[in-house]
Amino acid sequence: MIQPDQRVGVAVSGGADSVCLLHILRELALRWNLRLTVLHLDHQLRGEESRQDAEFVRELAASFDLPFERRQADLTGTGNLEQAARAARLDFFHQLLRDGQLDRVATGHTRSDQAETVVFRFLRGAGTAGLAGIRPVTEDGLIRPLIGMDRSEIEQYLRARGIAWRTDSTNADPAFARNRIRHALLPQLTRDWNPALPETLAHTADWARAEEEYWESELARLAAAHLTCQPPAVLLRTDALAKLPVAVARRLVRRAAEMAKGDLLGIGFEHLSGILELAAAAEGHGRLQIPGLDIFRSFNWLRIAPPTTDNSETRDYSFPLTVPGAVRLPGQHSIVQAELFENTNVTESSAGVYNEGVGGLDWYRLSGALEVRNWRPGDQYQPAGRGAAEKIKVLFHEGRVPLWERRHWPVVTMAGVILWTRRFGPAAGFAAGPESRAVLAIRETGA
């Protein structure tokens, strides 16, 4: 948790747990040369009582001759006060860690808090990630030195030494879910079912945390093998997903959702099950919307991405294509380029192809301005090598092009006639051949 000579912020609310934490770390600081700073967030929810808490903590810091950092939070109109207060505290701590002012921030969470957290998350339907509870050490620098002690032990420690602390009056308010768990549910379960319940729940958290640590390393390997990132979307193949054990598939989909959304807020078991059902359905197309994500199924691909506004204004585009010249495709990471060359490479066996797969058009068969636009329903043309014109939609189906790739699919036209399109190449009537004296090469490259 802590190395000698580190700068450690101690989160002190004034309650028994945090006051005990400060006293213990103060003793360790003398031995380990720790540089402590006392941190206090005033939620401003209890008026004069909140002000007195802040003053109590300031005086406690001064008695130890320690720096005191206080911040006020405005939680009015934030809805869930418990969540808002927690978010404000974390923002306070993380800012000090990010700015390099501190190496660690210690909070006074106890084994009693751990038990309450596990019950709270279980009742909300959490999986093992949630049941891992409060982590003793986090990657971003938060530590919980008292996580192995019960609240009763801490109060006994303070009383034995005559150390005073403050009591938050809201801790008894049954309007808060955690208070109902602390004062009613856990005591009843401990009394009627398991006298060692807090310890049992703490062990459950340890077990779940070890499981999660294993899966973190395993998912890094699985994600590299199965997830394709096309920001802001994440893609995975449904046929590969179907071959995985349910436990693996569920976690892989969960990781994809987290990567696409940035977090897992609002994403529950039923949402992950819905994604897996969509992936397991008979081959075809489908769509599912869950909090913060839009999931598309097309052929053997599943696309998980944040919702986007898909209307004619954002989907349709049309740009002149000069020769030589290039057009950056909107909403994509690619460029359509046009270059003119003397014919040196085109043979009968490579009609319509110039320089390793680049679409080649006979320059002298062109007689008007060129345009790059997106594919639109009803578009059709005859690709070089095919005996008749086809709707591009048919070519999409034959080529198993997913629905989301079709929206911005580029075509090059002249006076409304399609000359070239991505993947399917030049039109038969305009493709360069051995007799072509000059070739217009159409190339699509990454931006």
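1. Two strands are taken to pair if DSSP finds at least two bridges between them. Strands (E, at least two residues) and helices (H or I, at least four) are DSSP runs, numbered from the N terminus. On that basis V8 stands opposite R104 in β4. Strand β1 (residues 7–11) and strand β4 (residues 104–106) run parallel and are joined by three bridges.

2. This is a predicted model, in which local features need pLDDT of at least 70 and side-chain atom pairs count only at pLDDT 80 or more, while totals for chains, interfaces and linings use all residues. Residues are numbered from 1 along each chain as its sequence is written, and side-chain values use heavy atoms, with hydrogens and water left out.

3. The pairing of β1 with β4 belongs to an open sheet of five strands, in the order β3-β2-β1-β4-β5, with parallel pairing. The edge strands, each pairing on one side only, are β3 (68–72) and β5 (142–143). Helix α1 (residues 16–32) packs on this sheet and touches β1, β2 (35–42) and β4; contact means heavy atoms within 4.5 Å. The direction of α1 makes about 160 degrees with that of β1. Helix α2 (residues 48–63) also packs on the sheet, touching β2 and β3, and its direction makes about 175 degrees with that of β2. For such angles, axes are lines fitted to C-alpha atoms, for helices over the stretch in contact, and the values run from 0 to 180 degrees between N-to-C directions.

4. Which residues of helix α6 (residues 151–160) are buried? They are R151, I154, Y157 and L158, where buried means under 20% relative accessible area, exposed over 50% and partly exposed in between (1.4 Å probe, protein chains only). Seen down the axis of α6, the buried residues fall within an arc of 120 degrees, so they line one face of the helix; the arc is that of the directions from the helix axis to the C-beta atoms. These buried residues pack against α1, α4 (111–123) and α7 (177–192). On the other side of α6, S152, Q156, R159 and A160 are exposed. Just after α6, G162 takes a positive phi of about 65 degrees.

5. P198 lies in helix α8 and, at 23% relative accessibility, counts as partly exposed. Leaving aside residues up to four places away in sequence, P198 touches R111, A115 and T190. P187 is eleven residues from P198 in sequence, and the two are 9.7 Å apart in space, C-alpha to C-alpha.

6. The axes of α8 (residues 197–226) and α10 (residues 246–261) come within 10 Å and cross at roughly 75 degrees. The two helices are therefore roughly perpendicular to each other (65 to 115 degrees; under 35 is roughly parallel, over 145 roughly antiparallel, the rest oblique). From α8, the residues in contact include W215, L219 and L222, and from α10 they include V248, R251 and L252. By class, this contact has seven nonpolar, one polar and four charged residues. Ala, Val, Leu, Ile, Met, Phe, Trp, Tyr, Cys and Pro count as nonpolar, Asp, Glu, Lys and Arg as charged, and the others, Gly among them, as polar.
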